[in-house]
Amino acid sequence: MKKNIQTSFISLTVLGFLFFSCEKTIYPNLENAQPILVVNAWLNNKPEKQSIQLTVTQPYFDASTPTGVSGASVTVMDDFDSVFTFVEDGTNSGTYQWTPASGKSFGAVGRKYSLTVTVNGEIFTSSAEMKRTTSIDSITFSIIPTFVYPENTYIADFWANDPKGTGDTYWIKAYKNGVFLNKPSEINVAYDASTSSGADVDDVTFVPPIREWINPVDKDPNNSNQNLPPYVSGDSVYVEIHSISLAAFQHLQQIVEETDRPGGFGQLFAKPINNVSTNVFNTNPGGSKVVGFFNVSAVKGLGKKFDK
Amino acid sequence: MTRPLLVACIASVFLSFAASAQSKHTLSGYIKDAKDGEVLIGATVLIKELNAGATANVYGFYSITIPSGSYTILYSFIGYEKIERTVSLAGDQRIDIELKESTRELKEVIVSSEKDPLTKVQNTEMSVAELDIKTIKKIPAFLGEVDIIRAIQSLPGISTVGEGASGYNSRGGNVGQNLILLDEAPVYNSSHMLGFFSVFNPDAVLDVKLHKGAIPAQYGGRLSSILDVRMKEGNNKKFETTGGIGTIFSRLAFEGPILKNKGSFIVAARRSYIDILARPFVKALKDGGALNFYDLTAKANYNFSTRDRIYLSGYFGRDNFLFSKDQGFSWGNQTATMRWNHLFNQKLFSNITGVYSEYSYKLEFGNDDANKFKWNSAIHNYILKPNLTYFINSNNELSFGGEGIYYYFIPANTIGTTNGIQRDVSLAKKYNLETSLYVNNIQRLSSVVSLDYGIRFSQFRSFGPDTVYHYNDTVPGIRRTVKSFTAHKSGQASTPFGSWQPRFSAKVQLSEVSSIKASYNRMVQYLHLISNTTASNPLDIWTPTSQNILPEIGDQYTLGYFRTLGKEHEWEASVESYWRATQNQIDYINGADLLVNKFLEGDLLSGKGRAYGLEFYLHKKTGRLNGWISYTLAKTELQVNGINNNNWYPTRYDQRHNLKVAAFYEINKRWSCSANFVFMSGTPATFPTSRYTDGGYVVPYNANDSRGNVRLPSYHRLDISVRLEGKPSTSKIVRKNHDYWIFSIYNVYARQNPFSIYFSQGDQRVPPGQQAQTQAKQVSIIGSLVPSVSYNFNF
C-alpha cells in the first residue's frame, strides 16, 4: 500500500514539473571488485524439477550471462534427516537440480530445510521452513477509472483470503500469457493480507493493492503519462501464491527498494542504496563472502482467460 | 560551562546591580517605522556621551538605564534616517520613536559616517544570519516566487541537497534539526509543493533571523538552528492593499489600523492557480480532483494601555493533490499564537506567549466503499512560554522564563476496508510533555569584553496509555525483533529525560571596527524527524524520544573574527569556524519500514556525528551596488554501527565547498537588477560495483559495503532578475498606487545540475532467458532555464 501510495504521490506532483526535470544515461567508472559466490536457491513444492544456481557476481554494467560455479556439492536436508542431493546439470553452467519422482514434489508444509553448498573446500549453509500458503478463490476483471490507464481499461484482481493467525508471508507471482511478470516494480509481497509487517491486517481478503498487483506495468510508448491496458480480451492471467519465510519477505522488500529506483523527480525521495541482506552464510566467518538467498515455498495457483 | 561558574556569573549580575544603586534612570520606548508603524527589530539607541547603547527587541522595545544628566541620543536603523534627540534625564522617561526610510536620490549615496554603536562587530551575537524582507524580495527567485527558505540558503553555513528539497541544512545538521518558528509557533513542514516553495507569505513577513550557533538560552529543542520568522503587525497609519500575480501564486494582503494608534491588523492570502487555468482541459479536475496549495496568514495587535499589548496571529496552509473527489493527498500546517506584552516598569519587559501548532496529512484511496484505505497523521502542540527581560543597567540585560510544550502525536490513523471488511490498523497515539526553564544574561564587562551566558534545563516525559517495546540487540543490517513489551496505563508518566544545556559566548573588541567572538552551546532535541529519503517529504513523521530513541545531543564550539571595512563602514566582513559533535543521531536499518509501523523504533539505528567548517562572509550593505559573497568550507559525517562497516561516512548533504554571490544594482529610478550565483561541490552518492541475479532479479552490489563512496559532479547556477518600477507620479498625473514588474531567469545558462545518479535495469521487460541491461542515470530536477514574470502592486 505504502509503496504505491508513494509512487502515485510522486507521479501526481511530477505533473507540474515534468518539463523542468531531465534525465540522461551516463557511463561512470565503477570501482573494481572481486567476484564472490551467489547462491540462488528458491525452491517450491510444484511437481517439477527444482534448481539451485551457483554463480559469481560480475561488474555492474556487465549484462552477459553470469559465470556458473561448477563442481560444487549441493544438498538440502530436512528436519527428518532426509537428504536431497542436487546434481549439476552437465552444462557447467552452475545449475544444480533435483528431480522429484513422477507425480511427486519437493518438500512439505511445516518441514524445516537446511542447505549446504561446498565450493572449493568452503562450506556455505542456510536454512528455511516451508510455511503454509493460501488458495485463490477467483480472478476477476473490472473497469476501474484511474488516470494511469485509458478510459474503460479492465484491471485484473485475484481474490484470496489470508488465513487466521498473524505472520503469514507471501510472494504473489503473476504470469500474463504464460510469461512471468518480472519487472522489479511488479514484485508483489504480502504480510498477512497487507503489505507491512507493522500493521495487523489478518484473516481477511488481500487488500486492493496486493489484489491488483498482478497487472503488468507497461508504459504506453505513445503517451509517457499513461500505461497500456494490462489485459485485453483473449489474454490469460495465471497467479501463484508462494509462501515465504519472514526473512524472504524482508529480502524481497529490499530487492524492491534496491532495484525499483524511482526516476526523474522521484529521486527526491530515493533512499540510500544498501546491499540486500542474505541468509546464506560461510561456516567460516572469516572466509569468502557470499550473497543470495534460500527459501522453500508452498505454492497454490489459479488462472483465467479474459473474455470480454 | 559548569554550574558553579554560572552561579558566579549570575551573582556578579546582582552585585553589579546593587553597586549601581546610585541615581539612575531608565529611558525606554518603542522604535517603529514612520510609514506604517511596523516595529524596527534591532534598531539601535546610542547615548553619545556615554558611548553606551541598546537594541530594540523583537517587539521594537528598548530600555537603557543611565545616570541622570543631559544626553544626546541617536536612534538609527540601517536604511533609515537617523534621529537625534537631546534629553535631560531626571527621572524615568519613555520615548517612542518613528524612523523614516531614507529616500535615496540617485548618485547621492547616503551613508551616515556616524558609527552605529551596536553593529555585528560590537554586539556579542555570533553565528546569526539576518535578512530583512526587502533584501529577500530582491534575490532572484525560482519562478519569481519570493522564498524565505531559499533566501537563507544564500548565507554562509546553510545548504540544501538540491532543488525541490524542503527545508535547509545548517552547519551539517539535517532538515529535522532546525526549529522553524512563525511568530513563535513551530512549523513542522516549511514547504508547499514538496520543497519548491516555502510556506511563508512574503507580504506578511517582517523579519527573519537564523541562529546557527551560539543559540541563546531562550531557544531549545533542536540541534542545528533556530529560524525565527516574525510576521508584520500591519500598517497602523492607513489602510493598504498589497498583492501580486506571479507564475505560481496570486497574492493579496490587506492591512490597516484598528482605532487610530491603538492597534493594527494584516490579512494575507496566497493561492496557486494552475488548477483553475487547467480545469477546462483536465477531466479529473472537473470531477472534483484538485491540485492546489494555499495559505492564509493573519495578525492583529491592540494596545490596551501604554503597558499592555496583545498580539494574535495565525497561519493556515494546505496542499491538495486529489485525483478524484475522494482520492488523494493533502497536508498542511496550522498555527495560532497569542502574545501579551506587559511592561511591569521601564526596566522589566515581559511577554507571555501561548501557541497552538499542528501539522497533519491525510490520504485516501479506494475504488469504492468496500475497498478503501484512509490514512491520516498529525502532530499537535500546545505551548506556553513566559519570558521576562530585565534591563538591569546599561551593562546587563537579564532574560529568564520557561517553556512548556504538550505534544499529541497521531503517528498513523489507518483504516483499511477490503472486500467490505474493515480493519483498523492505527498506531497508538503518543502524549509527551517538554518543560524548560532558562536564564540568560548579556553582560558588558568593559568596553572591550562582553559576555552572553545562560543555561537551559529541560525535561521530556511521555504519558500513557502507551506500549513500550523492548527490542533484541542490533545485529548489523538486520531489523530488530521485539523481545517483550510493557503497557502503561492512561496518564501514567514515564521517567523523564532531563538535560542541562549551557550556553556561552564572549566578545573581545579589538578596535572600533573589529572583534573576536567565541561561543559554546549544548542543544538537546527530543523530537526526531523520521526520514530516510534524499529530501524530506510531507509523509515523514516526527516521533518523540523514548527508551529506544534517546534525545539527540549536540555540542557546538565557534570562533569568529568580525570587522567592518570601508570609509563609511559600508562593508561587513566575518570569518567563523565551528565544530559540532552530536550524539544519538538516527540512521536506518536496511529495509527499514518508516510508515505505519508499530515497531518503527526497532528499525532505527543510533550513532554519532561530527560537523566542522569555516565560513567567510563579506557583505556590502549600502550603495547602488550592494550584496554579499559567502563561502563555506565544511564537512559533516556520521558514524553508525551497521552502516559503512562501522566507519565514518558523509551525510547525504555533505558539501565541501559552497559559494554564494548575491548582487543588487540600481540602474536608475525605475530599473534595478539583481543576480545570484551558486557553486556547491557535489554531494556524496553510493555507487554499486557489481551485480548478481537473485530470485530472477538483477540486484546491485557494493563489494565494499560502503556508503557515500562517490561524489556527484559539482553544482553551479546563475539567476538574474530585473525590476521595473511603475511610472511615478508626475505633475499632471498623481498615482495613488505603486506597482512594479519583476522579470527573472532562473538557471540562466541552463546547466543540467545533477541532483542524483541512480542505477537500475530500466523500464523494459526482460524477455525470458535473457539478461537485464543495467544502466546509470543522472537526474537534474531543473534541467533548463526557467523564465518568469510577476506583477506586484500596492495601494
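Two strands are taken to pair if DSSP finds at least two bridges between them. In this predicted model, that criterion picks out a strand pairing that links the two chains: β1 of chain A (22–26) runs antiparallel to β50 of chain B (residues 775–780), with 5 bridges between them. Within this pairing, A:K24 stands opposite B:Q778 of β50(B), a handy pair of residues to look for when opening the structure.

The contact between the chains takes in 80 residues of chain A and 86 residues of chain B. On the chain A side, two or more residues come from each of the helices α1 (2–17) and α3 (246–259), and likewise from each of the strands β1 (22–26), β2 (37–44), β4 (58–59) and β19. Helix α3(A) gives the largest share of this side, 8 residues. Sorted by class, the side of chain A that touches chain B holds 40 nonpolar, 28 polar and 12 charged residues.

We turn next to the domains of chain A. Domain 1 covers 37–131 together with 277–296, while domain 2 covers 132–275 together with 299–305. Their C-alpha centres are 26 Å apart. Where the two domains meet, 12 residues of domain 1 of chain A and 11 residues of domain 2 of chain A take part. On the domain 1 side, β9 (122–129) and β19 (290–297) of chain A are the elements that supply two or more residues.

In their contact, 27 residues of domain 1 of chain B meet 26 residues of domain 2 of chain B. The elements giving two or more residues to the domain 1 side are α1 (3–19), β1 (24–33) and β4 (61–67) of chain B. Helix α1(B) makes the largest contribution to that side, with 6 residues. By class, the domain 1 side of this contact in chain B comprises 14 nonpolar, 8 polar and 5 charged residues.

Definitions and conventions:
Residues are numbered from 1 along each chain as its sequence is written. Chains are lettered from A and ligands numbered from 1 in the order in which they are written. This is a predicted model: local features need pLDDT of at least 70, side-chain atom pairs count only at pLDDT 80 or more; totals for chains, interfaces and linings use all residues. Two residues are in contact if their C-beta atoms, placed from the backbone, lie within 7 Å. Helices (H or I, at least four residues) and strands (E, at least two) are DSSP runs, numbered from the N terminus. Ala, Val, Leu, Ile, Met, Phe, Trp, Tyr, Cys and Pro count as nonpolar, Asp, Glu, Lys and Arg as charged, and the others, Gly among them, as polar. Domain bounds come from an automatic or database domain assignment.
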